[in-house]
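Have a look at the model with me, and then follow the entries below.

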Amino acid sequence: MPKPQKHVFVCTQNRAEGHPRGSCAQKGCAEVMNEFMNQIQANNLFDKIGLTNTGCMGPCMLGASVLVYPEGVMYGQVKKEDVKTIIDEHLLGDQPVERLIVPAEVW
Ligand code: FES
């Protein structure tokens, strides 16, 4: 398997209902993860894009959280509908999706 050009980390952390930090699991991260997998598979992008689910990455209040390397761009409040845009514009087009970027102070 070749080294991917981009690596996407999707937070799939879950926490008990009522936890003060909430979690990405309560904000639709499973749908986001599935959509990345489906899109990567449907477009045969496994040689370009790595995909990994992770635990908490920090900005829980802005979940679902998605982190893209090598740039180190953190996206917040990502919905299933945003996945195609992230793939097309950032992962394939090298232009991060500004409207979804989490400010560095929130990390
Ligand atoms: S639970 Fe997803 S960033 Fe904390």
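I count a salt bridge when a side-chain nitrogen of Lys or Arg lies within 4 Å of a carboxyl oxygen of Asp or Glu. The model is a predicted one, so I kept to its rules: local features need pLDDT of at least 70, side-chain atom pairs count only at pLDDT 80 or more, and totals for chains, interfaces and linings use all residues. Residues are numbered from 1 along each chain as its sequence is written, and side-chain values use heavy atoms, with hydrogens and water left out.

**Entry: salt bridges**

I found 4 salt bridges in the structure. Glu71 pairs with Lys6, their closest N and O atoms being 2.2 Å apart. Glu71 sits in the loop between E3 and strand E4 (73-75) and Lys6 in strand E1, so this pair ties together parts that are 65 residues apart in sequence. (Strands are DSSP runs of E, at least two residues, and helices are runs of H or I, at least four, numbered from the N terminus.)

Lys6 also bridges to Asp94, at 2.6 Å between the closest N and O atoms. Here Lys6 in strand E1 meets Asp94 in the segment after H2, so parts that are 88 residues apart in sequence are tied together. I noted that Lys6, Glu71 and Asp94 are linked in a network of salt bridges.

Is Lys6 buried or exposed? Lys6 is buried, at a relative accessible area of 6%; buried means under 20%, exposed over 50%, partly exposed in between, with a 1.4 Å probe and protein chains only. Glu71, at 36%, and Asp94, at 47%, are both partly exposed.

I also looked up Asp82 and Arg99, a salt bridge with closest N and O atoms 3.1 Å apart. Asp82 is buried at 8%, whereas Arg99 is exposed at 58%.

**Entry: the aromatic pair**

My search of the whole structure gave 1 aromatic pair. Phe9 and Tyr69 are edge-to-face, 6.2 Å centre to centre with 80 degrees between the planes. (Rings of Phe, Tyr and Trp, the last by its six-membered ring, pair if their centres lie within 6.5 Å; planes under 30 degrees apart are stacked, over 60 edge-to-face, the rest tilted.)

**Entry: helix H1**

In H1, I see that Cys29, Val32, Met33, Glu35, Phe36, Gln39 and Ile40 are buried. They cover an arc of only 160 degrees around the axis, which puts them on the same side of H1; the arc is taken from the directions from the helix axis to the C-beta atoms. Gln41 and Ala42, on the other side, are exposed.
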